[in-house]
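Student: Could you walk me through reading aromatic pairs and pockets in a model like this one?

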Amino acid sequence: KSKKLLNSLPYPNVPDATVTGFFISIPAKFAKGGKTMSKTIMSKNKFINQWLRCFATDIDKKELQRCFADKFVWHIFSYKLLDSETFLVGDAARLAYDQADKSSCLFCDMYGKSGVTDILSDEYSSSSKIDSEIRELYVVSKDYSWTYIKTHENDNCGPYFYRRIQS
C-alpha cells in the first residue's frame, strides 16, 4: 500500500521516501534541472486540523469557534484558552525556538504559496530570520510535542512557543 502511494507521487522515484501514518517523508532536497526543490507533504488545512487535534484537545468547542471567527488558530494563545503559564510569548518564545531541535519538523508558511514542508530552509532556521522574512509561520516537531508560531501581528500577538506536557 505504501509503495503504491509513493509511486503515485509526482516524483515517484525519489530515493529513501517513506510513508508513516499520513505523512510522506521525502529526503530534504532533490534536484530537477539543477535547481533545488522542496516538496509539499500535506495541505495547510490538513496541517491545521492535525495541529488542533494535538494542541487544542482540552479547549471547549465554542471557544475554538471563536478562534476560527478570525481564522487564526494561534488565538488559543492570545485569548489565553490555554493556561498562560504553559506557553511562552515574545522573546522567551524566540529563545525556545532557537534552542529547539529543528532537524525533524514541519513548516507551514500560512501566507506562502506552498503547503507544508519538512525542509529546514535558511529562512526557518532562526527566530530572527523568521521575523524578518516570514509573515506567519507554524512550526511543529514531527511528533507534535512542541509548536512555534510567528503571527502576522508581530509583537502585538506572539510569537508563541508551546511544549505539550506528556502524560
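Tutor: We'll take the ring pairs, then the charges over rings, then the pocket. Keep in mind that this is a predicted model.

Student: How is a pair of aromatic rings described?

Tutor: You give the distance of the centres and the angle of the planes. This structure holds 15 aromatic pairs. Take Phe 47 and Tyr 138: they sit 6.3 Å centre to centre with 85° between the planes, an edge-to-face pair. Phe 47 belongs to helix α2 and Tyr 138 to strand β8, 91 residues apart, so the pair links distant parts of the chain.

Student: Are Phe 47 and Tyr 138 buried or exposed?

Tutor: Both Phe 47 and Tyr 138 are buried.

Student: Why does the pair of Phe 107 and Tyr 124 count as stacked?

Tutor: Because the planes of Phe 107 and Tyr 124 are at 15°, and under 30 degrees counts as stacked. Their centres are 4.9 Å apart. Phe 107 lies in strand β6, while Tyr 124 is in the loop between β7 and α6. Phe 107 and Tyr 124 are buried too.

Student: Which charged ends sit over rings?

Tutor: The charged end of Lys 102 sits over the ring of Tyr 97, 4.6 Å from its centre. Over the ring of Tyr 111 you'll find the charged end of Arg 135, 4.1 Å from the centre.

Student: And what lines the largest pocket?

Tutor: Its lining includes Tyr 111 and Tyr 138, along with Lys 44 and Glu 136. By class, that's seven nonpolar, one polar and three charged residues. Helix α2 gives the largest share, three residues. The space in this pocket is about 190 Å³.

Notes: Residues numbered from 1 in each chain as written. Predicted model: local features only at pLDDT ≥ 70, side-chain atom pairs only at ≥ 80, totals over all residues. Heavy atoms only, no water. 1 Å grid on protein atoms, 1.4 Å probe; cavity = no way out; pocket = protein on both sides within 12 Å on 5 of 7 lines; lining within 4 Å. Points joined across faces, edges and corners; volume = space filled by probe spheres on them. Helix = DSSP H or I, 4+ residues; strand = E, 2+ residues; numbered from the N terminus. Nonpolar A, V, L, I, M, F, W, Y, C, P; charged D, E, K, R; others polar. Phe/Tyr/Trp six-rings, centres within 6.5 Å; stacked < 30°, edge-to-face > 60°. Buried < 20%, exposed > 50% of the residue type's maximum accessible area, 1.4 Å probe, protein only. Lys NZ or Arg CZ within 6 Å of the ring centre and 35° of its normal.
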